[in-house]
Amino acid sequence: MVRSGQGLPQDLPDRDVSWDQPAPELQPGPRPNAAGLALPRLKALVAALGEPPFRAGQIYHGLYRMRWTSWAQFSNLSKALRARLEAEVALDWPLIRESAHSEDGSTKHAFLLADGALVEGVHMPYGKRTTLCLSSQVGCAMGCTFCATGLMGIKRNLTAGEIAGQVVTMLNEHGHGPDEAVNLVFMGMGEPLHNLDNLMEAFALLSDPAGLGISPKRVTLSTSGLVSGIQRLGALKPRPRLALSLNATTDEYRSRIMPVNRVWNLDALAAALAAFPLETGERITLEYVLLQGVTDSLEDGKRLAAFAQRFPSKVNLIPFNPHEGSGFEPPTEARIVELCGLLSAKGITVSVRRSRGQDVAGACGQLVRERRS
Ligand code: SAH
Ligand code: SF4
């Protein structure tokens, strides 16, 4: 039975779905901020201070390898230079404004940014391997109807420093050593392919062995299906791994819950994913949010399998995380098990995301920083 009531709008949602426009950027403050600058920009900065170019390399090392957070910590620079930097150049990483600890060990942090905006990141320790869930924008322009961030609309892009800074701040806060393996997932607030330039600038700092030194293979970017962005990303090297939020298996349903599908439908999406140049052994993750009575039928399961077979992939089923007023319900346990079985029987690698931090609203799609009236 097709349910067409609550939470399944028939018309375009009354939201800002302007992803074809660039999102606003942070307005620069009175002093330059070194946190997040790439080496060429640091060189320009030290040149403007009348310092020799090698100082830029020392600052780069302090910022990204040592993850220092104040000029006073730059023991590789002279006292005189530190004093000048203190006076003339900001070193502002995102600050933790609030932390909520979940019983499962994960911590949701609210980061305060230079203009007062707040975004969220989640620290999820899984045994030896820690995963950090990162935001890419303040809000999101994509307007998916099941997503709390989507309700905010888009405020602005995060800068490269704000993106890499979530990692720096969380690694420092949780006491991670410089060479500990961490996974990064861009599954927090925002659509990363709507902010690809800043995201790739951050990715360069994060993946540089002389910087944060995180292997590109451990970084996953999740998109709602901006085909133009998928094509741009495919042409970059190195690049993060790709995850696609599929979430529905017919154009009718996908267009209702994810407005982006009205521009690039399932066929256009499958074609872009099949053309995405993969490394040996690399697979595209298909995220699939299970909404009871909307996207969780056994027919959906069969169509999901057929979609997944069109290119090297693995499927991650995500039971819907309820949030106030969404109008959607999570699936039953029995249905999750049935769908897993159905997909496995068709030879598809499938996992279920038991969302962490659910008791503190840090789970996927619950990241929203504004009170709704
Ligand atoms: N904008 C990107 C990345 C952030 S959303 C994207 O859409 O892919 C990260 C994941 O959370 C996506 O797969 C999205 O479908 C899922 N998600 C959003 N809201 C959710 C909710 N309420 N419950 C479960 N998953 C949700
Ligand atoms: Fe944006 Fe992703 Fe939420 Fe859709 S699911 S509104 S793309 S954050």
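E279 is partly exposed, with a relative accessible area of 42%, where partly exposed covers the range between buried, under 20% relative accessible area, and exposed, over 50% (1.4 Å probe, protein chains only). This residue lies in the loop between α8 (266-274) and β10 (284-290); helices (H or I, at least four residues) and strands (E, at least two) are DSSP runs, numbered from the N terminus. Its C-alpha atom is separated by 11 Å from that of G234, although E279 and G234 are 45 residues apart along the chain. When neighbours within four places in sequence are left aside, E279 is in contact with K217, R239 and R241, contact meaning heavy atoms within 4.5 Å.

The model is predicted, and local features need pLDDT of at least 70 while side-chain atom pairs count only at pLDDT 80 or more, although totals for chains, interfaces and linings use all residues. Residues are numbered from 1 along each chain as its sequence is written, chains are lettered from A and ligands numbered from 1 in the order in which they are written, and side-chain values use heavy atoms, with hydrogens and water left out.

The axes of helix α1 (residues 39-48) and helix α2 (residues 54-65) come within 8 Å and cross at roughly 125°, the axes being lines fitted to C-alpha atoms, for helices over the stretch in contact, and the angles running from 0 to 180 degrees between N-to-C directions. That makes α1 oblique to α2, because angles under 35 degrees count as roughly parallel, over 145 as roughly antiparallel, 65 to 115 as roughly perpendicular and the rest as oblique. The crossing in which α1 passes α2 is right-handed; a crossing is right-handed if the near helix is turned clockwise from the far one by less than a right angle, and left-handed if anticlockwise. On the α1 side the contact involves L39, L42, K43 and V46, which meet R55, A56, G57, I59, Y60 and L63 in α2. By class, this contact of α1 with α2 has seven nonpolar, one polar and two charged residues, where Ala, Val, Leu, Ile, Met, Phe, Trp, Tyr, Cys and Pro count as nonpolar, Asp, Glu, Lys and Arg as charged, and the others, Gly among them, as polar.

Helix α5 has another partner, for its axis and that of helix α4 (residues 160-173) come within 8 Å and cross at roughly 40°. That makes α4 oblique to α5, and α4 passes α5 in a right-handed crossing.

Two strand residues come next. T130 is found in strand β4 (residues 129-133), and at 4% relative accessibility T130 counts as buried. Beyond its neighbours within four places in sequence, T130 is in contact with residues including H123, M124, P125 and H176. V185, in strand β7 (residues 182-186), is likewise counted as buried, at 14% relative accessibility. The C-alpha atoms of V185 and T131 are 7.2 Å apart in space, while the two residues are 54 residues apart in sequence. Not counting residues up to four places away in sequence, V185 touches T131, L132, C133, L134 and T220.

Some features of the backbone also deserve attention. Most residues other than glycine have a negative phi, and most peptide bonds are trans. Phi of R67, however, is near 55°, a positive value; R67 is found in the loop between α2 and α3 (79-88) and, at 9% relative accessibility, counts as buried. N247 also has a positive phi, near 70°, and its place is in the loop between β9 and α7 (251-257). A cis peptide bond, with omega about -10°, joins K237 and P238, and P238 lies in the loop between α6 and β9 (241-245).

The last stop is ligand 2, which is surrounded by C140, M142, C144, C147, G150, G190, E191 and S224; a residue is near a molecule if one of its heavy atoms lies within 4 Å of it. By class, the shell around ligand 2 has four nonpolar, three polar and one charged residues.
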